Structures are given as C-alpha cells and as structure tokens.
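The following paragraphs lead the reader through selected parts of the structure shown below.

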Amino acid sequence: MAFQTYSLFVLSVIMISFGHVENRLNLLQLQNDIDKLKADFNSSHSDVADGGPIFTERLSGWTERNEKRIILSQIISMYLKMLENTDRSKAHVRNISEELYTLKESLSDGSKKIEDLKDLTKLQMSDLKIQRKAVNELFSVLQKLGDTSSSHKRKRRQFQRMCKC
C-alpha cells in the first residue's frame with residue numbers, strides 16, 4: 001500500500017510542479033494505469049516496505065524549483081529505464097511511458113545538468129594537466145560562487161523589506 005501511494009505521489013508532484021496538469025492529463029486515468037502496473041510488479045509484496053521509500057525521501061532535500069528539476073529528471077529517467085523491460089503491449093504501460101517521456105522532455109535541462117555533474121565526478125584530479133586547468137579557473141569559479149551568494153543575499157534583503165514580519 002505504501003509503495004502505491006509513493007508512485008502516484010512522485011508522478012503527481014512532478015506533473016503539478018511543472019504545469020503538466022492540463023486537460024490532456026487525466027490523473028484518475030494515470031492512477032488507474034499505475035494500479036495496473038503495481039499489479040504487474042506485485043508491489044503489494046511485503047518486501048516493498050523494507051528500507052523505506054526510494055524516491056520520495058530524496059525529494060525533500062531539494063527545495064528550489066531548478067534543483068527539483070535536476071533530481072526529478074533523474075527519477076523520471078529511472079522510471080523509463082524500468083519500464084523498458086516491461087510488456088509494452090499493455091495499454092497502461094504505454095500510457096505511463098508516454099507521460100513520463102513528455103515529462104522528461106520538459107525536464108531536459110535537468111538531464112543536462114546531471115550529465116555535467118557526472119562528468120565532473122569523472123575528472124582525474126590527480127592528473128597534472130587537469131590540476132593546471134583547475135588552478136587557472138579557480139578565481140573565475142570563486143567569482144561565480146560570490147555572484148551566486150550575493151544574489152541570494154540581495155533577494156533575502158528585498159524580501160525582508162517587503163515583508164512586514
């Protein structure tokens with residue numbers, strides 16, 4: 001039962017957050033399709049609750065809209081990967097996949113950002129050439145970090161002036 005709620009919750013959060021709750025999307029139909037998918041995967045099995053949720057727990061730490069786009073694009077990709085190995089002749093699998101593909105397209109900037117992060121983790125920081133390049137870019141990186149933090153401070157000051165708290 002808990003997993004059933006998580007699946008619908010994750011998809012609903014994604015769709016509502018990014019404006020995909022329109023006439024073309026029938027959440028009741030999607031819920032029905034997800035219920036059929038749950039039956040396909042036997043998601044009421046007792047081991048589903050072991051270890052807690054796999055996606056919804058991670059969403060709580062991502063608060064900014066652009067941050068959420070990054071993690072949600074990755075979550076959508078994982079759902080799509082999971083559905084690649086299911087019976088695509090079933091209408092409910094096709095419907096869910098189509099919605100997920102639509103969402104993935106709308107979150108494409110998040111996918112690009114994930115690729116950037118993955119590429120960063122692959123950098124060989126023990127390589128002397130990489131180290132030289134990194135040192136040459138250090139001041140620019142720190143400037144960008146300063147720009148980002150001063151922009152947040154400015155927004156906070158503006159909010160405090162507007163707010164009569």
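Is M125 buried, partly exposed or exposed? M125 is partly exposed, for its relative accessible area is 46%; buried means under 20%, exposed over 50%, and partly exposed in between, with a 1.4 Å probe and protein chains only. This is a predicted model, in which local features need pLDDT of at least 70 and side-chain atom pairs count only at pLDDT 80 or more, while totals for chains, interfaces and linings use all residues. Residues are numbered from 1 along each chain as its sequence is written, and side-chain values use heavy atoms, leaving out hydrogens and water.

M125 lies in the loop between α6 (108-122) and α7 (128-162); helices are DSSP runs of H or I with at least four residues, numbered from the N terminus.

Within helix α6 is G110, which counts as buried at 0% relative accessibility. Apart from neighbours within four places in sequence, G110 is in contact (heavy atoms within 4.5 Å) with R69, I70 and S73. The C-alpha atoms of G110 and K68 are 8.4 Å apart in space, although 42 residues separate the two in sequence.

Helix α5 comprises 16 residues, 91-106. At 1.5 Å a residue, taken times one less than the number of residues, α5 should span 22 Å, and its end C-alpha atoms agree with this at 23 Å apart. The buried residues of α5 include H92, V93, I96, S97, E99, L100 and L103. They lie on the same side of α5 because they cover an arc of only 165° around the axis, judged by the directions from the helix axis to the C-beta atoms. The face turned away from this buried side carries the exposed residues E98 and E105.

Definitions and conventions
Helices (H or I, at least four residues) and strands (E, at least two) are DSSP runs, numbered from the N terminus.
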